Amino acid sequence: MLAGLCSASSLLMSVSTNGIEVFNGQPYPDLPIYLNGVLVPVTPQPNLIDQWTFDGSNPETGINGTIISTWTTNAPNSVPSAGVLRYANTSDSNWGNGQLLPDIDTSAIDKMIWTIELADLRVSTGSNFRFTGLILSGEVRPELELTAWGMSAPYTFSPDMEYNTNTDYLDAASGISLNATNGTLGGPLTIVATWDFVNNTMTLDMGGGNVSSNTPAANMAASIGTVTGFRMYPRTIAAGDYLDLDSVTIETY
């Protein structure tokens with residue numbers, strides 16, 4: 001084990017804390033971690049790109065500054081409870097504001113994960129809620145669409161996860177059936193969409209063991225390139241339908 005490291009350009013100091021080799025008080029990222037001579041597995045920590053918690057007077061602004069211009073409290077949106085935004089706006093959020101998201105070079109990361117926590121939702125036939133990434137040019141961008149199908153309640157609430165907006169990859173196989181007669185879920189739902197650029201797979205987890213994966217023929221990182229922003233981009237929302245947004249998180253590994 002290294003006992004210490006010091007140079008004129010870098011004052012990194014190695015000390016032993018309870019048997020763990022650390023530099024400047026933190027485990028050195030490029031060295032294995034040992035505890036009393038035993039290798040300790042290190043869990044990779046996510047890089048938080050942005051997160052919206054929907055509390056305070058500006059729910060449209062993420063904690064890192066990205067603005068989704070239609071996530072305000074202005075009608076037809078509302079606040080059913082503290083920290084929850086009832087999103088019912090049929091307008092596209094502003095492309096320019098969406099560009100505030102820190103750029104994500106998909107060739108330089110292992111994964112990109114979107115986690116959408118809903119307190120509840122109400123859907124009817126044809127309602128479509130679309131979360132989409134922005135890229136430098138073209139249509140090959142990550143996207144998550146949530147669409148309701150069926151002539152009457154209970155409706156099928158079907159996600160469609162994509163890396164290329166011209167192609168459906170994960171859709172009906174991950175759909176969930178809404179049991180409430182008015183199309184309301186009646187409780188929370190967590191949706192986790194993962195683009196794994198190392199294994200070139202997409203995985204969509206709708207909770208309750210409802211997980212679906214797909215491996216595109218094309219290389220996703222090479223096709224997408226750099227993600228430059230994020231926005232809400234609905235096609236249509238029927239009158240009275242909504243998503244109760246509790247939090248939206250974008251992370252990379």
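**Reading the aromatic residues**

Me: Which residues form one aromatic cluster here?

Reply: Trp52, Phe54, Trp71, Trp114, Phe131, Trp195 and Phe230 make up one aromatic cluster. Keep in mind that this is a predicted model.

Me: How do I read an aromatic pair, and how many are there?

Reply: You look at how far apart the ring centres are and at the angle between the planes. Here the count comes to eight aromatic pairs. Take tryptophan 52 and tryptophan 71: their centres are 5.4 Å apart, with 85° between the planes. Planes over 60 degrees apart count as edge-to-face, so this pair gets that label.

Me: Where in the chain do these two sit?

Reply: Tryptophan 52 belongs to strand β6 (residues 47–52), while tryptophan 71 is in the loop between β6 and β7 (78–81). They're 19 residues apart, and the pair links distant parts of the chain.

Me: Is tryptophan 71 buried or exposed?

Reply: Buried means under 20% relative accessible area. Tryptophan 71 has 0%, so it's buried. Tryptophan 52 is also at 0%, so that one counts as buried too.

Me: What does tryptophan 71 touch?

Reply: Leaving out residues up to four places away in sequence, its contacts include Trp52, Phe54, Pro59, Glu60, Phe131, Phe230 and Leu245.

Me: And how many residues are in the largest nonpolar core?

Reply: That core has 44 residues, and Trp71 is among those with the most contacts inside it, along with Phe131, Trp195, Phe230, Leu243 and Leu245. Strand β10 (residues 111–122) gives the most to this core, with five residues.

Me: Which arginine lies over the face of tyrosine 242?

Reply: That's arginine 86, at 3.9 Å from the ring centre. Arginine 231 lies over the face of tyrosine 233, at 4.1 Å from the ring centre.

Notes. Residues are numbered from 1 along each chain as its sequence is written. This is a predicted model: local features need pLDDT of at least 70, side-chain atom pairs count only at pLDDT 80 or more; totals for chains, interfaces and linings use all residues. Side-chain values use heavy atoms; hydrogens and water are left out. A nonpolar core is a set of buried Ala, Val, Leu, Ile, Met, Phe, Trp, Tyr and Cys residues joined through side-chain atoms within 4.5 Å. Buried means under 20% relative accessible area, exposed over 50%, partly exposed in between (1.4 Å probe, protein chains only). Helices (H or I, at least four residues) and strands (E, at least two) are DSSP runs, numbered from the N terminus. Contact means heavy atoms within 4.5 Å. Rings of Phe, Tyr and Trp (its six-membered ring) pair if their centres lie within 6.5 Å; planes under 30 degrees apart count as stacked, over 60 as edge-to-face and the rest as tilted. A charge sits over a ring if NZ of Lys or CZ of Arg is within 6 Å of the ring centre and within 35 degrees of the ring normal.
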